[in-house]
Amino acid sequence: MLRETVAGLFPALRADLEALVRIPSVSNAAFDPAHVAASADAVATLLRDAGLPEVQVLRATTEDGREGAPAVVARRPAPDGAPTVLLYAHHDVQPPGDDAAWDTAPFVPTERDGRLYGRGAADDKAGVVAHLGALRTLATLGDLPVGVTVFVEGEEEVGSPTFLPFLTQHRDLLAADVIVVADSANWRIGVPALTTSLRGLVDCEVEVAVLDHAVHSGMFGGPVLDAVTLLARLIATLHDDAGDVAVDGLVVGAEPTVDYAEADFREDSSLLDGTVLAGRGSIAGRLWTKPAIAVIGLDAPSVAHASNTLTPRATAKLSVRLAPGQDPAAAMAALRAHLEANAPFGARVSVRDGEQGKPFLAPADSAAMQAARWAFATSWGTDPVDIGIGGSIPFIADLLDVFPDAAILVTGVEDPDSRAHGANESVHLGELEKVVLAEALLLARLGGAAG
């Protein structure tokens with residue numbers, strides 16, 4: 001009965017997803033915040049129309065008086081003796097990037113080959129629709145067997161800067177026995193996954209300075225190496241010859257039991273032919289339980305504006321993914337110590353700390369996890385895979401700090417070809433329908449029904 005109900009409701013859910021994708025709710029400070037506010041209002045309307053009696057658009061206020069982005073909180077109290085489930089997603093999205101890299105306009109939802117393309121179609125407006133669909137499904141068949149609080153955040157894509165103040169200021173509204181975070185990925189099309197570990201994150205900016213000002217490269221080049229060359233030499237010390245991270249003090253976790261075939265990884269990552277994979281150990285281990293360091297930005301003269309001078313200073317932004325079990329503050333200290341100790345040719349190295357986020361490791365066999373395994377297996381017709389994710393969701397640690405007794409389930413709406421954050425982001429519509437069914441089954445099971 002649930003499967004047929006979801007199928008009947010799905011065309012309307014798809015239309016709702018398309019409407020949300022059309023709202024360019026980029027939370028980056030360089031974009032118009034009115035679109036994020038409009039997105040929050042649209043989500044609030046959808047949840048209100050789904051029959052949730054308490055719907056609010058709320059913002060956190062920081063100690064220095066700053067307001068956060070608008071979040072939506074919608075609630076339906078639990079029946080007597082039933083648990084309360086918090087359903088999390090976020091309605092803000094990444095910037096679209098270069099429009100020319102998209103096959104179709106980023107904020108014009110377009111279907112091709114069973115996938116819906118558009119910025120936010122997967123990350124994470126599909127998560128919003130997954131919650132909406134599960135609630136509509138159960139309401140169509142009767143009433144919700146559990147208490148439900150839907151929390152749709154508006155600043156996840158900029159690091160959730162006011163997430164912890166929001167939790168503490170609205171703690172009574174958000175308290176729950178089980179928390180479902182619909183912001184991860186499934187193993188692949190046709191095979192669901194439950195995310196049991198996430199890497200943490202630290203980032204920083206490192207500047208290398210060698211001259212007070214730019215000087216003629218012919219008159220002074222030779223005895224003096226330019227700052228870009230020196231920065232490159234410093235960056236090269238972060239990995240050993242095999243490509244493993246070479247920063248002392250970073251945690252390495254146990255090898256996962258899941259086999260991620262190299263051919264699949266190469267296809268999923270769009271790796272160019274002939275490129276040799278970096279690091280040692282299994283691919284899953286390199287992705288999920290070992291640290292990784294990437295250069296994600298450079299401030300240096302562009303090729304188009306280059307002059308024949310020695311660049312006096314150059315800056316790189318480094319992003320470090322941390323294995324479960326790593327303390328972010330200790331990782332940042334280890335990274336800083338490494339950068340300062342490896343200053344090339346005595347150049348001046350300055351490090352500016354950035355974002356920090358804790359890793360996450362879930363208990364694999366809690367009652368909530370068992371319910372989720374059953375729901376996913378029933379929806380897909382195959383058992384879910386326990387996976388780690390190389391990415392980070394730092395706010396999960398905040399949820400655990402504020403609600404230490406809650407069971408947290410991290411579920412997926414994406415697949416390896418969703419291209420979240422990149423051009424041509426998309427969600428597989430058939431998989432999204434299975435996600436809706438799985439969540440409806442999960443809520444039914446948590447409420448004591450067989451589903």
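Trainee: Which element gives the most to the lining of the second largest pocket?

Mentor: Happy to go through it, keeping in mind that this is a predicted model. The element you are asking about is β16, which gives 3 residues to the lining of the second largest pocket. That pocket has a volume of about 280 Å³, and its lining counts 17 residues. Nearest its centre lie Thr196, Ser197, Pro256, Thr289 and Leu361. Two elements each give two or more residues to this lining, namely β8 (193-198) and β16 (385-389). By class, the lining of the second largest pocket has 9 nonpolar, 6 polar and 2 charged residues.

From the pocket we can turn to the cavities. The structure holds 3 of them at 30 Å³ or more. The largest cavity has a volume of about 60 Å³. Around the largest cavity you will find Ala69, Ala71, Phe151, Glu153, Gly154, Glu155, Thr162, Phe163 and Phe166. The elements that give two or more residues to this lining are β6 (147-153) and α4 (163-169). Sorted by class, the lining of the largest cavity comes to 5 nonpolar, 2 polar and 2 charged residues.

Helix α13 supplies the largest share of the lining of the second largest cavity, with 4 residues.

That brings us to how α13 packs. The axes of α3 (residues 125-141) and α13 (residues 429-446) come within 8 Å and cross at roughly 50°, which means that α3 is oblique to α13. The crossing of these two helices is right-handed. On the α3 side, the contact is made by Ala126, Val129, Ala130, His131, Gly133, Ala134, Leu135, Thr137 and Leu138. The α13 side brings Leu432, Val435, Val436, Glu439, Ala440, Leu443 and Ala444. Taken by class, the contact of α3 with α13 has 12 nonpolar, 3 polar and 1 charged residues.

Key
Residues numbered from 1 in each chain as written. Predicted model: local features only at pLDDT ≥ 70, side-chain atom pairs only at ≥ 80, totals over all residues. Heavy atoms only, no water. 1 Å grid on protein atoms, 1.4 Å probe; cavity = no way out; pocket = protein on both sides within 12 Å on 5 of 7 lines; lining within 4 Å. Points joined across faces, edges and corners; volume = space filled by probe spheres on them. Nonpolar A, V, L, I, M, F, W, Y, C, P; charged D, E, K, R; others polar. Axes fitted to C-alpha atoms, helices over the stretch in contact; angles between N-to-C directions. Parallel < 35°, antiparallel > 145°, perpendicular 65-115°, else oblique. Left-handed = near helix turned anticlockwise from the far one by under 90°. Contact = heavy atoms within 4.5 Å.
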